[in-house]
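Try each task before you read its solution.

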Amino acid sequence: MKTLRIGTFNLFQFVEPPYSWYEKESSFSKGRWAKKSTWIKEQILDMNCDIIGFQEVFSKDALEKLVKELGFEYFITVDNAKVDKEDPTVFISTTVALASKYPIVEIQKVFVDKDSILKHDFEGDFAFSRTPIKALIELPNKQNITAYVNHFKSNRMNELEYSFTKNHSLQEKKDKTKNALEQNISKSLKQRLCETSSLFYDFKKTNTPIISMSDLNDKEFSLTIEALTNEAYHDEGKEDLYILQDVYDLENKKIYNPHPEQKEIKRTPTSYFEGRGNVLDYIFVSNEFDKKEKNAIGKINSYEVFNKHLNNNPHGTLLESDHAQVVCEIEIY
């Protein structure tokens with residue numbers, strides 16, 4: 001085994017007819033469902049992955065059948081999409097899923113970190129908006145890795161949230177959001193911070209290399225990413241110490257025919273809202289995949305965004321997806 005290809009794929013309302021999503025009128029005809037399924041298959045073949053994390057999964061049996069036809073022998077979910085009590089043909093929640101060409105040898109539960117919930121002054125009973133997947137996968141070289149699939153709380157109400165750059169410090173991010181969190185102006189952000197904090201402490205307990213495939217529902221350089229990956233977010237006495245890294249930051253980026261005034265490479269968005277592109281979909285890896293680390297077991301060869309379907313319509317279509325897919329290739333030592 002020389003390379004491992006990992007992908008994350010938000011399927012956008014993956015609901016097999018005659019079922020509907022959220023309301024009775026939102027459903028696919030058999031013909032439109034066939035078109036959507038065909039596009040998803042073609043996209044997966046183009047991605048050419050060994051492991052894929054999926055979001056917005058309603059019809060898990062249909063997805064399992066689809067990926068197994070493409071050579072993914074192993075497929076898991078850890079939750080069922082919920083249906084309306086008054087109409088069991090209408091789904092009211094989504095799940096995540098994991099497909100692998102290599103054996104999934106163990107599925108583990110991710111527990112809520114109660115201290116983090118208290119720290120964020122979360123009101124009411126806390127639960128993940130979608131139950132995360134945590135799975136132990138055995139690679140052909142007998143190396144075990146732990147794969148997570150996540151889909152964090154979305155900002156459906158367009159609440160007050162913030163955009164940061166790489167020049168903002170963690171403390172600046174905390175200061176900027178402090179008011180909104182304390183006054184519950186950004187409830188979605190508070191939910192995400194509780195979710196990502198719980199994941200952070202689960203990462204800390206994991207004794208194998210980690211790969212996390214996420215629809216973060218938050219932007220690049222966000223406070224959410226700090227809570228997911230940075231020890232300093234949780235311990236104010238520490239300097240920045242990232243236990244997971246964005247694979248985008250670990251890839252050797254190449255510039256072809258750069259403009260003389262170009263300052264940096266602009267990252268490709270994975271989703272659009274009101275015409276503005278954002279990076280919402282990520283693959284994070286533990287430091288064993290950073291070639292600069294002494295205990296590295298591999299390195300990131302490439303980072304790719306599969307976004308051709310968004311070129312003509314940035315907001316996507318139901319027959320395809322409203323997200324781009326992200327893939328990274330890891331060279332295993």
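**Exercise 1. The cavity**

How do the residues of the lining of the largest cavity divide into nonpolar, polar and charged?

Solution. A word on the source comes before the steps. This is a predicted model, in which local features need pLDDT of at least 70 and side-chain atom pairs count only at pLDDT 80 or more, while totals for chains, interfaces and linings use all residues. Residues are numbered from 1 along each chain as its sequence is written, and side-chain values use heavy atoms, with hydrogens and water left out.

Step 1: On a 1 Å grid over the protein atoms alone, a cavity is a set of points where a 1.4 Å probe fits but cannot get out, and a pocket is an open set with protein on both sides within 12 Å along at least five of seven lines; lining residues have an atom within 4 Å of a point. Grid points are joined across faces, edges and corners, and a volume is the space filled by probe spheres set on the points.

Step 2: count. The rule gives one cavity of 30 Å³ or more, and the largest cavity holds about 60 Å³ of space.

Step 3: list the lining. It consists of E161, Y162, F164, T177, L189, D218, S222, L223 and T224.

Step 4: sort by type. Ala, Val, Leu, Ile, Met, Phe, Trp, Tyr, Cys and Pro count as nonpolar, Asp, Glu, Lys and Arg as charged, and the others, Gly among them, as polar. The lining of the largest cavity then divides into four nonpolar, three polar and two charged residues.

**Exercise 2. The nonpolar cores**

Which residues touch the most other members of the largest nonpolar core?

Solution. Step 1: a nonpolar core is a set of buried Ala, Val, Leu, Ile, Met, Phe, Trp, Tyr and Cys residues joined through side-chain atoms within 4.5 Å. Buried means under 20% relative accessible area, exposed over 50%, and partly exposed in between (1.4 Å probe, protein chains only). Step 2: the largest core has 33 residues, and L4, L98 and I211 touch the most other members. Its largest share, four residues, comes from strand β16 (residues 325-332). Step 3: a second, separate core of 29 residues includes W21, I44, F54 and F58.

Step 1: look at one residue in detail. I52 is found in strand β3 and counts as buried, at 0% relative accessibility. Leaving aside neighbours within four places in sequence, I52 is in contact (heavy atoms within 4.5 Å) with residues including F9, F72, L98 and M213.

**Exercise 3. Cysteines**

How many disulfides does a search of the whole structure find?

Solution. Step 1: a disulfide is a pair of cysteine sulfur atoms within 2.5 Å. Step 2: the search finds zero. Step 3: C49 is in no disulfide, and its nearest cysteine sulfur, that of C328, is 8.1 Å away. Step 4: C49 is buried at 1% relative accessible area, and C328 is buried at 0%.

**Exercise 4. Backbone angles**

Where do E56 and E274 lie, and is each buried or exposed?

Solution. Step 1: phi of E56 is near 60°, a positive value in a residue other than glycine. E56 lies in strand β3 (residues 51-57) and is buried, with a relative accessible area of 13%. Step 2: phi of E274 is near 50°, also positive in a residue other than glycine. E274 sits in the loop between β12 (271-273) and β13 (276-278) and is exposed, at 68% relative accessibility. Step 3: turn to omega. The peptide bond from P17 to P18 is cis, with omega near 15°, and P18 belongs to the loop between β1 (3-14) and β2 (20-21).

Technical notes: Helices (H or I, at least four residues) and strands (E, at least two) are DSSP runs, numbered from the N terminus.
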